[in-house]
Amino acid sequence: MGRGKIEIKRIENSSNRQVTYSKRKNGILKKAKEITVLCDAQVSLIIFAASGKMHDYISPSTTLIDILERYHKTSGKRLWDAKHENLNGEIERLKKENDSMQIELRHLKGEDINSLNYKELMALEDALETGLVSVREKQKFLTKLMDVYRMFRRNDKILEEENRELNFLWQQRLAVEGSREMENGFDQSVRDYNSQMPFAFRVQPMQPNLQERI
């Protein structure tokens, strides 16, 4: 039996809808690549899923901008409003300015200067002199800045040495004062002990004749 026709309508089941989207998306991308290779066609394909994720394909021989411009010229439909046209004009101006700056940079490097006339060479020389003066001024400023930095470093080292010396002297002073307090405490203890004795006594010999001899 042949395969029956599938009614084209929205698939209500979200899982089935996602599976069908994935299969159909891969199939249409494959067809776009095949027609590009087989027929030497220029194809631009953009697909947005319900989730907002984008899939696209552009023929390797072209770009999306080229495709849109060709579509604009062929169909006569206006794709860009005045705002986009002004933006496009600004982009073109920036491109030209960038190209001009690239040429000027090559001239400053000494490249492609054979085609310059006398006035252009004089302007180039003035620009080089101005740049050289600016570089020298910045170099002087950096030199002064480094000198200030070195001075601060030396001052920091001096302060660290002085701090270490003061700490050493303070420790010595604490040690001396602690020793004096210990000595004073010992003397006071001896005096207190002597003051607490009930009476003084003297050793007497056991035999009277020894006392007479003494």
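The lining of the second largest pocket is made up of 4 nonpolar, 1 polar and 6 charged residues (Ala, Val, Leu, Ile, Met, Phe, Trp, Tyr, Cys and Pro count as nonpolar, Asp, Glu, Lys and Arg as charged, and the others, Gly among them, as polar). This pocket has a volume of about 340 Å³. Of the 11 residues that line it, I8, K9, I11, T20 and R24 are the closest to its centre. A pocket here is an open set of points on a 1 Å grid over the protein atoms alone, where a 1.4 Å probe fits, with protein on both sides within 12 Å along at least five of seven lines; lining residues have an atom within 4 Å of a point. Points are joined across faces, edges and corners, and the volume is the space filled by probe spheres set on them.

Before going further, a word on the model: it is predicted, so local features need pLDDT of at least 70 and side-chain atom pairs count only at pLDDT 80 or more, while totals for chains, interfaces and linings use all residues. Residues are numbered from 1 along each chain as its sequence is written, and side-chain values use heavy atoms, with hydrogens and water left out.

Now let us step back to the whole chain. The protein chain has 5 helices and 2 strands, in the order α-β-β-α-α-α-α along the sequence (DSSP runs numbered from the N terminus: H or I of at least four residues for helices, E of at least two for strands). Among contacts (heavy atoms within 4.5 Å) between residues at least 6 apart in sequence, 18% join residues at least 24 apart.

Two loop residues complete the tour. D40 lies between α1 and β1; it has a positive phi of about 55° although it is not a glycine, and D40 is exposed because its relative accessible area is 69%. T62 sits in the loop between β2 (54–58) and α2 (64–75) and counts as buried because its relative accessibility is 12%. Beyond its neighbours within four places in sequence, T62 is in contact with Q42 and I67.

Conventions. Buried < 20%, exposed > 50% of the residue type's maximum accessible area, 1.4 Å probe, protein only.
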